[in-house]
Amino acid sequence: MSHTRTHGILAPADTEVAIAGSAFVHLDGSLHGRYKTADFASALRLVDRVGEDAEAMNHHPEVRLGYGTVTFRLHSHDAGGVTARDVKLARRIQELADELGARNAHAAPARYDIAIDCTDADVIRPFWMVGLGYKEVVAEGELELVDPHGNGPRVWFQHMEIARTDRNRIHIDVYVPTADAESRVQEIVDVGGILLTDEHAPDWWVLADEEGNELCVCTAAN
């Protein structure tokens, strides 16, 4: 069964084979790739070559250039996710990296969300929006708060019919690539974390520290 979404958006299952063996990882609607080079000049050469081909393809990646490292993020903004154009560009970037002797480096991307339990999100959302300097966006039909500079974690509001008073009402979600999720959960348990439930795995696992503060390891934001 194909996992292709509407408007040509691809899920990780659709891109897995195409990007296998490359530096790229599919997470949260983007392809993330990171390379190591001998020095800054080598990294700059890779960026220059990728820029030439991206311009010819009329599809441009986000690039972060450092000393001996280059990170690429590919995302089709007009479609709202990963499309065949991103996969094509990722494969070309890998070819150029191989030609120039750049080494694949696991990108280890992640996304962090803060979830707030509440009985009336409309009442408390302005407090958090103004306090954090965030803006409202609509995601999957729900209002969420995001950092306009793209640095801070997303904030979303989990509706409760009855307010919870027996636990912390704010928890953190961390989104990781599907291939990394089970090992992340096990590592948390190994350092004293408590697995509360895996009934929703592989979409998400719910864990807590020894004082009951919760963390969800998620893969569902693809």
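Predicted model: local features only at pLDDT ≥ 70, side-chain atom pairs only at ≥ 80, totals over all residues.
The residues of α2 that are buried are S42, A43, L46, V47, V50, D53 and A54. Seen down the axis of the helix, these buried residues fall within an arc of 135°, so they line one face of α2. On the face turned away from that buried side, α2 carries the exposed residues E52, E55 and A56. The cover over the buried residues of α2 includes three strands, β2 (30–36), β3 (62–66) and β4 (69–74), together with the helix α3 (84–100).

The two ends of α2 can also be described. At its start, a side-chain oxygen of D39 comes to within 3.3 Å of the backbone nitrogen of A41. After the helix comes N58, which has a positive phi near 55°.

**How α2 meets α3**

Two packed helices are described by the angle between their axes and by the distance between those axes. For α2 and α3 the angle is about 145° and the axes lie 10 Å apart, while the crossing of α2 and α3 is right-handed. On the α2 side, the residues that take part in the contact are R45, L46, R49, V50, D53, A54 and M57, and they meet R85, K88, L89, R92, I93, L96, A97, E99 and L100 in α3. Among the α2 residues in this contact, L46, V50, D53 and A54 also belong to the buried set of the helix.

**Backbone features in the loops**

Two residues, D28 and N58, have a positive phi although neither is a glycine. D28 belongs to the loop between β1 (24–27) and β2, whereas N58 belongs to the loop between α2 and β3. D28 has a relative accessible area of 24% and is therefore partly exposed, since that class lies between 20% and 50%. N58, at 61% relative accessibility, is over the 50% limit and so counts as exposed.

A further backbone feature is the cis peptide bond that joins A201 and P202, where omega is about 10°. P202 is placed in the loop between β11 (194–197) and β12 (204–208).

Where does H75 lie? H75 is found in the loop between β4 and α3, and with a relative accessible area of 16% it is buried, because the limit for that class is under 20%. Leaving out residues up to four places away in sequence, H75 touches G29, S30, H59, G80, G81 and D86. One polar atom of the side chain of H75 lies 2.6 Å from the backbone oxygen of G29.

A115 is buried, with a relative accessible area of 0%. When its neighbours within four places in sequence are set aside, A115 is in contact with W156, R169, I170, H171 and D173.

The table gives, for each of these two residues, a separation between C-alpha atoms.

| Pair | Distance along the chain | C-alpha separation |
|---|---|---|
| A115 and E210 | 95 residues | 20 Å |
| H75 and T178 | 103 residues | 18 Å |

Note on methods
Residues numbered from 1 in each chain as written. Heavy atoms only, no water. Buried < 20%, exposed > 50% of the residue type's maximum accessible area, 1.4 Å probe, protein only. Helix = DSSP H or I, 4+ residues; strand = E, 2+ residues; numbered from the N terminus. Arc of directions from axis to C-beta. Contact = heavy atoms within 4.5 Å. Polar contact = N/O pair within 3.5 Å; in protein donor to acceptor, adjacent residues only side chain to side chain. Axes fitted to C-alpha atoms, helices over the stretch in contact; angles between N-to-C directions. Left-handed = near helix turned anticlockwise from the far one by under 90°.
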